[in-house]
Amino acid sequence: MTVPAKAVQAYLDIRKAIEEVVRDYSVPFSEKLLPDPFPQEQHVPTLVLDLNDTLIYTDWKRERGWVTFKRPGVDAFLERLAQFYEIVVYTDQLNMNVDPILERLDQKGCVRHRLARTATRYLDGKHYRDLSKLNRDPSRIIYITAHPDSTLQPENSVVINPWNPETVDTALLDLLPFLEYVAMNKPPDIRATLASYQGKDIPTEFIERTKEYQRRMKEQKPRTGLFGRH
C-alpha cells in the first residue's frame, strides 16, 4: 500500500512545526541573556546564583500547601556582595514562580537580573544554566549552586551543600571573605582561581591560605620594637 504524497507532506509539515517548538524550548531565548554592561562597570565581576536549595527551600505539605523558606544569611549575603558584583539569579523554575519569590527575598534590589526556565538550555530532559549566553566575560563569572550538574560550565562553579530548614547552615556567610577577596583583587581569570580550590572546602582553605600568607609577610617584615628596629 502506498501512502499518498499529500499525507506524507502533511506529516513532514507537522513534524517540522513540532521540531521548531521543541527547539525553541531547548535553547535560551536569546544569544545575549543580559544587556550589555555599562562602560563604567566593565571591570565588575558577575555573581550568578542558583535559587532552589541554594538561596531558598520550597516545601509542600497537604495541610498547608507550598511554603518557601530562605536560607540563613541570605539577606546579608546579597546586600554585602551587591557592593562588589553584578548579581544574577539563574534558575530552571518558571517565571511565574520566580518573580513572587524574589520580590519578597530581594526587597533591597540587590539582584540586578533574573533568568528563569526560558533562559536555560534543555538537554536530555534537564534544564542547564548556560553561562556562555550571559553576554559577560566568562573569566569574570562565578556561579554558586547546590546542584553541581546544573550548568554547562562547571569551571565557573562554586558548589555548596543543599539546604533545608532542618539543618543549621552558614554556607553563604562562610563564602563572603573569599568572594570579597576575589572581587577586590580581580584575578585575570576567576576560573583558574576556582580550579586551585578544586576538591577542597573553599571557606576553610581560604582561611588557611590567608593565615599562611600573613605568616610569610610577618617573617619578611623587619620587627620594630619601642626603641626602633632590632
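Me: What share of the 230 residues of the chain counts as buried?
Reply: 37% of them do. Buried means under 20% relative accessible area, exposed over 50%, and partly exposed in between, with a 1.4 Å probe and protein chains only. The model is predicted, so local features need pLDDT of at least 70, side-chain atom pairs count only at pLDDT 80 or more, and totals for chains, interfaces and linings use all residues. Residues are numbered from 1 along each chain as its sequence is written, and side-chain values use heavy atoms, with hydrogens and water left out.

Me: How many helices and strands does the chain have?
Reply: Six helices and 11 strands. Both are DSSP runs numbered from the N terminus: helices are H or I with at least four residues, strands are E with at least two.

Me: Why is strand β8 called largely enclosed?
Reply: β8 covers residues 141–145, and five of the five are buried, so the rest of the structure largely encloses it.

Me: Which way do its residues point?
Reply: Ile-141, Tyr-143 and Thr-145 point one way from β8, and Ile-142 and Ile-144 point the other way. In a regular strand, side chains alternate between the two faces of the sheet.

Me: Which strands pair with β8?
Reply: Strand β1 (residues 46–49) pairs with β8 in the parallel sense over four bridges. Strand β9 (residues 157–159) also pairs with β8 in the parallel sense, over three bridges. Two strands pair if DSSP finds at least two bridges between them.

Me: New topic. Which residues lie nearest the centre of the largest pocket?
Reply: Ser-157, Val-158, Val-159, Lys-200 and Ile-202, out of 21 lining residues. Elements giving two or more residues to that lining are β9, α4, α5 (190–195) and α6 (202–220). On a 1 Å grid over the protein atoms alone, a pocket is an open set of points where a 1.4 Å probe fits, with protein on both sides within 12 Å along at least five of seven lines; lining residues have an atom within 4 Å of a point.

Me: And Glu-180, buried or exposed?
Reply: Glu-180 counts as buried because its relative accessibility is 13%. Glu-180 lies in helix α4 (residues 171–185).

Me: What does Glu-180 touch?
Reply: Arg-80, Leu-81 and Phe-84, not counting residues up to four places away in sequence. Contact means heavy atoms within 4.5 Å.
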